[in-house]
Amino acid sequence: MNDMFDFDAWDDPTPPTFGPAELAAVKRRGAAIRRHRALGGGLLAVALLAVGSAFAATTMGGPDRDQRIVTADEGAAAPRNVVVVVTSTPPGPSTDGLRTTESISILHVDGTSTARVLSLPRDLFTGEPERGDTRKLASAVAEREWDTLARYMRDGLGVEIDGFAVLDVTEIAGLVDAVGGIELRFSAPARDEHSGFVIDAGCHHLLGSDVVALLMSRRLELLRPDGWAAATPTGDLGRVGRHAAIATAIVDAARSGGGSSRLAATTVVDGLMRNTWSPDGLAADLADRLSNVQRVESTVLPVSEVTTPSDQIGFRPGGRARSVLDRFVNGGAIDQASGSTVSTCKGG
Amino acid sequence: MVSVDFDERFATLSSLAYRVAYRVLGQREDAENVSQETLARAYARWRTISRYDEAWVARVATNLALGHLRKDRRIEGVAPWARDTTAEVASRLDVTDALRQLPKRQREVVILRFIADLSERDTAAALGCSTGAVKQHMHRAMRALRPRLTPDRDATGPTPMHSAWEGPSA
């Protein structure tokens, strides 16, 4: 190299020294960065927890938050599987504290940049219905039988559960508002006359109440050339896809510093994390792992319909369930739920 | 123990970050700030990056310094060291401008190899790619940089600037 571009000549002739005072300052700043990253992971965790899939809802007694159990294994590299129950309070004056289960899903996080959400039907039998054991996931949730649920998911589905989380959709609205709303693209004009959700095609900025209406939508319709038609032939798959798009949009908004008040976002997330998890280190561990997550995959458990001798109708894992569960737990590609109706505005 | 390892490496890594930042910024105070921010980020992720700490620190310090330069120019219209009139300053300006126009991966390779003085192997480790990929990015970067840094090369043959960007010996 000649003199002009000899980078050695560009060096500071009297560089500073770096001692204990500088080290202490760096550690203080590093600790603050760690906290910030944990918050980012927390936002993603809450977004993911908020939006599993949902199947037909029934009114039931909501799980008592004081009785949530979390049994975290502190193995640093072990994947985490957390059952997420999203509830809502039915409208009307006489709900008497009852809640509707909007969704039951399992969030799987390992050391990769991909998180997975497996949605389970509420009417999945947890026992052997042919022999009169007609207990379902929904009733186990209603009865707060977390041990029973964990055992069924381990023995029946092959998924070791690390913890349970319960979240109400109103908290999702708070989170969306705290990050300043989210951006979603609709492939066509959409409506749900049940939930009151109506929107035109294209990219839209949605606030918390809109997002909750979309989350709870069970009869979303799109305007086709020949009139209004159901958004997808397989409604539940469509819902899972929409929920995944919402989760991604929340994370995008949070990471881009969206929202008029970052303090508000912090407060919401702190509150949700405090209320949702037991303080045994699982929340912090998940937040740390989720801070690296860039992609969310979601799918539903394949099921087949079963009618019991007493004419109860429910589901049990179908023929393809084993391969889906294997891929869900071990990291293979899973069948993505369709999200074509609603997607994020980013990159498009 | 994470903190012990970091403490042991602190002085070495700080000096590296400062040297890289100073080469880009040419300004002591800003280079110190970049160095501190780089080391703080390294501390926050020490468990992950400690195996290739020097490469990681060099890359982050460079990116922070370039970001600082961009922000500084937006505010003041020109980099702080460019307010001087030395030929060295003009050269820095040319080089950093040319670097900013490179695709991200090519820019990182050039910076790690030239400004941070990393070997091809360390550069590959820092970027998570093979040494072959490093060579390929370097080759493409050189091809893109030459016309920007040697505008009259056809008339006069290779200029000093041209020869400077032939690259360090591997």
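Residues count as buried under 20% relative accessible area, as exposed over 50%, and as partly exposed in between; the views below use these classes for a model that is predicted.

**View 1. The disulfide between C203(A) and C345(A) in the predicted model.** A disulfide joins C203(A) to C345(A), with an S to S distance of 1.7 Å, and the count over all chains comes to 1 disulfide. C203(A) lies in strand β9 (residues 202-206) of chain A, whereas C345(A) lies in the segment after β15 (342-344) of chain A, so the pair ties together parts that are 142 residues apart in sequence. The two cysteines fall on either side of the burial cut-off: C203(A) has a relative accessible area of 37% and is therefore partly exposed, while C345(A), with a relative accessible area of 14%, is buried. In chain B, C129(B) has a relative accessibility of 24% and counts as partly exposed.

**View 2. The packing of helix α4 against helix α5 in chain A.** Helix α4 (residues 169-178) of chain A and helix α5 (residues 208-215) of chain A pack with their axes 8 Å apart and at an angle of about 140°. Since angles over 145 degrees would count as roughly antiparallel, this angle makes α4(A) oblique to α5(A). The crossing in which α4(A) passes α5(A) is right-handed. On the side of α4(A), the contact is made by V169(A), I172(A), A173(A), V176(A) and D177(A), and on the side of α5(A) by G208(A), S209(A), V211(A), V212(A) and L215(A). By residue class, the contact of α4(A) with α5(A) divides into 7 nonpolar, 2 polar and 1 charged.

**View 3. Burial along helix α5 of chain A.** Helix α5(A) is mostly covered, with 6 of its 8 residues buried. The buried residues in α5(A) are G208(A), V211(A), V212(A), A213(A), L214(A) and L215(A). Among them, G208(A), V211(A), V212(A) and L215(A) also take part in the contact with α4(A).

**View 4. Chain B and its helices.** The secondary structure of chain B comes to 10 helices and 0 strands, and the pattern read along the sequence is α-α-α-α-α-α-α-α-α-α. Of the 170 residues of chain B, 49% count as buried. Among the contacts in chain B with a separation of 6 or more, 61% are accounted for by residues 24 or more positions apart.

View 5. A65(B) is found in helix α4 (residues 53-76) of chain B and, at 0% relative accessibility, counts as buried. Not counting residues up to four places away in sequence, A65(B) touches A21(B), V24(B), L25(B) and V34(B). The C-alpha atoms of A65(B) and T38(B) are separated by 9.8 Å, although these residues are 27 residues apart along the chain.

View 6. I49(B) is found in helix α3 (residues 46-49) of chain B, and its relative accessibility of 2% places I49(B) in the buried class. When neighbours within four places in sequence are left aside, I49(B) is in contact with A42(B) and W56(B). Between I49(B) and A126(B), which are 77 residues apart along the chain, the C-alpha atoms are separated by 9.4 Å.

**View 7. The packing of helix α6 against helix α7 in chain B.** α6(B) and α7(B) pack at an angle of about 140°, with their axes 10 Å apart, and that angle makes α6(B) oblique to α7(B). The crossing of α6(B) and α7(B) is right-handed. Here the contact is made by R105(B), E108(B), V109(B), L112(B) and R113(B) of α6(B), together with E120(B), T123(B), A126(B) and L127(B) of α7(B). The residues of the contact of α6(B) with α7(B) divide into 4 nonpolar, 1 polar and 4 charged.

**View 8. The loop residue D117(B).** D117(B) is found in the loop between α6 (104-115) and α7 (120-127) of chain B. The phi of D117(B) is positive, at about 60°, although D117(B) is not a glycine. With a relative accessible area of 41%, D117(B) is partly exposed.

Definitions and conventions: Residues numbered from 1 in each chain as written. Chains lettered and ligands numbered in written order. Predicted model: local features only at pLDDT ≥ 70, side-chain atom pairs only at ≥ 80, totals over all residues. Heavy atoms only, no water. Axes fitted to C-alpha atoms, helices over the stretch in contact; angles between N-to-C directions. Helix = DSSP H or I, 4+ residues; strand = E, 2+ residues; numbered from the N terminus. Parallel < 35°, antiparallel > 145°, perpendicular 65-115°, else oblique. Left-handed = near helix turned anticlockwise from the far one by under 90°. Contact = heavy atoms within 4.5 Å. Nonpolar A, V, L, I, M, F, W, Y, C, P; charged D, E, K, R; others polar. Disulfide = S-S within 2.5 Å. Buried < 20%, exposed > 50% of the residue type's maximum accessible area, 1.4 Å probe, protein only.
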